[in-house]
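Here's a quick briefing to go with the structure you have open.

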Amino acid sequence: MIYYRLFFAFLLLNSGLLKKIIFLPIDLTILSFVALLPSIFFNKVIIHRSSLKIILSFLPFFLFFCFTSIYTISDSYYETKLFKFSVGFLCLIISLLIFNDERSISIFKKLYFFSFIIVSPLVIYSYLNNTLELYFMSESALVDYLALSSFTAIFFILHFRDNSLLINTLKFLAIIIMIFMGGRGPIISLSLVIFLYYIISFKRTNLKLSNILLFILFSASLSFFIIKTDFADNLLTRFDMILTDFDNQKVNKRIVLWNDALRGIDDSPILGHGIGSYSKYVNNIDARGYPHNIFLEIIFESGFIGLFLFLVFL
C-alpha cells in the first residue's frame, strides 16, 4: 500500500508536468487526488506534530481566503478558483500525511531519481538537436518548461545533502537543464533555498567553512562558464529583459499587470476584492486572471489581512 500511495502522490505533485504527455479522459490532478483518498482514510496514518503545525499555520489564511468569496466581485469564476484552492490545501494535507516517515521519503526520492534519469537525457538530446524550443518552449510544446524546471529543482532539493559522485553529477546536470529551460522562477527559488540552507546550517551546526568556500567557488565557475558560452543565452536574455528591456512586449505586459493590481489594491487595501476577482476588475471579464506576482495577487484578492496571514504561514 505504501508504494501505491507514493506513486499517486508523485503523480499528483507532477501532474502539471505530465498532463500533456499522459492523455486521459479525466484531469490527472483530480485522478491522482481521488486515488490517494482510500489509502489515507482506510489505513492508519500518523500525523506528526511538525506536520500538524504546518497545517494549522496555513489554516487561517485558507479560511480567510475562502471567506472572501462572500464579497468577491467575481460572478462565477470564483467558484472554480475556490475549488482549485481547496484541492490544493487538501493536497498539502495529504502530502504531510504520506511523507511522515523515513521510508516514505526514501522511496519518494527514488521515484524522483529514476524519473530524472529518464528525463534528463531527453532534454540534453533536444538541446543538441536544436529541438528544445519545439518540445519545451513553444505554445504547442509537449512539456511546459516551467513545470520541467520545477521538477528538476525538486529533484535537486531532495538530493541536496547526498554528496555521492553520481548524485553530484546529476545535480550539476539538473542545474544545466534549468539553465537550458531559462525559467527564472525555479532558478531564483532554488538559489534562495540553497542560500537559506547554508545560513541556517552555519548557525545551527559546525558547518565547515571549506564546504561554503567550495560552494562559492563552484557557483563562480558555473557563472563564468554561463557568461563565456552561448548555451545559457535563453536564460540570460530572460533576466536581461527584466533589468534593461522595458520596451519588450512581455516585460511591458507584466508592468501593466502589476500597475493594474496596485490600482485595485489602492481601492480596497484591507479586505481586497475577493477570490478570483482580478480579471473581473481589470478586464471586466469573469475569467482566470492574475498579475504574475503571488504577493500582489494575494493582496488584491484578500487585502493586507490575507497577506499577513500568508506571511504567518511562511
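Of the 314 residues in the protein, 42% are buried. Confidence averages a pLDDT of 77, so keep in mind that where pLDDT is low, the predicted coordinates should not be read in detail.

**Confidence**
- A pLDDT of at least 70 is reached by 73% of the residues.
- Among the elements, helix α12 (residues 233-243) has the lowest mean pLDDT, 52, while helix α15 (residues 294-313) has the highest, 92.

**Overall packing**
- Take the contacts with a separation of 6 or more: 71% of them come from residues 24 or more positions apart.
- The protein exposes about 18,600 Å², and 68% of that comes from carbon and sulfur atoms.

**Nonpolar cores**
- The largest nonpolar core has 44 residues, and those with the most contacts inside it are Leu36, Ile98, Phe116, Phe155, Phe156 and Met181.
- Two or more residues each come from α1 (2-13), α3 (28-41), α5 (77-98), α6 (102-128), α8 (145-158), α9 (165-181) and α10 (184-204).
- Setting aside neighbours within four places in sequence, Leu36 touches Arg5, Phe8, Ala9, Leu12, Ile94 and Ile98.
- Another core lies apart from the largest one; it has 23 residues, including Leu96, Ile265, Ile298 and Phe310.

**A look at Ile176**
- Is Ile176 buried or exposed? With 10% relative accessibility, Ile176 counts as buried, because the cut-off is under 20%.
- Ile176 sits in helix α9.
- Between Ile176 and Thr152 there are 24 residues of sequence separation, and their C-alpha atoms are 10.0 Å apart.

**Nonpolar surface patch**
- Ile26, Ile30, Leu31, Val34 and Phe83 make a nonpolar surface patch of about 420 Å².
- Helix α3 gives the most to this patch, with three residues.
- Leu31 is in helix α3, and its relative accessibility of 31% makes it partly exposed.

**Salt bridges around Lys81**
- The count of salt bridges comes to four.
- Glu297 and Lys81 pair up through their side chains at 2.6 Å, N to O.
- That pair links distant parts of the chain, with Glu297 in helix α15 and Lys81 in helix α5, 216 residues apart.
- Glu301 also meets Lys81 in a salt bridge, at 3.0 Å, N to O.
- Because Glu301 is in helix α15 and Lys81 in helix α5, this pair ties together parts that are 220 residues apart in sequence.

**A salt bridge inside one helix**
- Asp260 and Arg263 form a side-chain salt bridge at 3.1 Å, N to O.
- Why are they separated by about one helical turn? Because Asp260 and Arg263 are three residues apart in helix α13 (residues 249-267).
- Asp260 is buried, at a relative accessible area of 15%, whereas Arg263 is partly exposed at 41%.

Notes. Residues are numbered from 1 along each chain as its sequence is written. This is a predicted model: local features need pLDDT of at least 70, side-chain atom pairs count only at pLDDT 80 or more; totals for chains, interfaces and linings use all residues. Side-chain values use heavy atoms; hydrogens and water are left out. Buried means under 20% relative accessible area, exposed over 50%, partly exposed in between (1.4 Å probe, protein chains only). Contact means heavy atoms within 4.5 Å. Accessible areas come from the Shrake-Rupley method with a 1.4 Å probe; for residues, only the protein chains shown count as cover. A nonpolar core is a set of buried Ala, Val, Leu, Ile, Met, Phe, Trp, Tyr and Cys residues joined through side-chain atoms within 4.5 Å. Helices (H or I, at least four residues) and strands (E, at least two) are DSSP runs, numbered from the N terminus. Patches are made of residues with over 30% relative accessible area and no salt bridge: like charges are joined within 9 Å, nonpolar side chains (Val, Leu, Ile, Met, Phe, Trp, Tyr) within 5 Å. pLDDT is the predictor's confidence in each residue, from 0 to 100.
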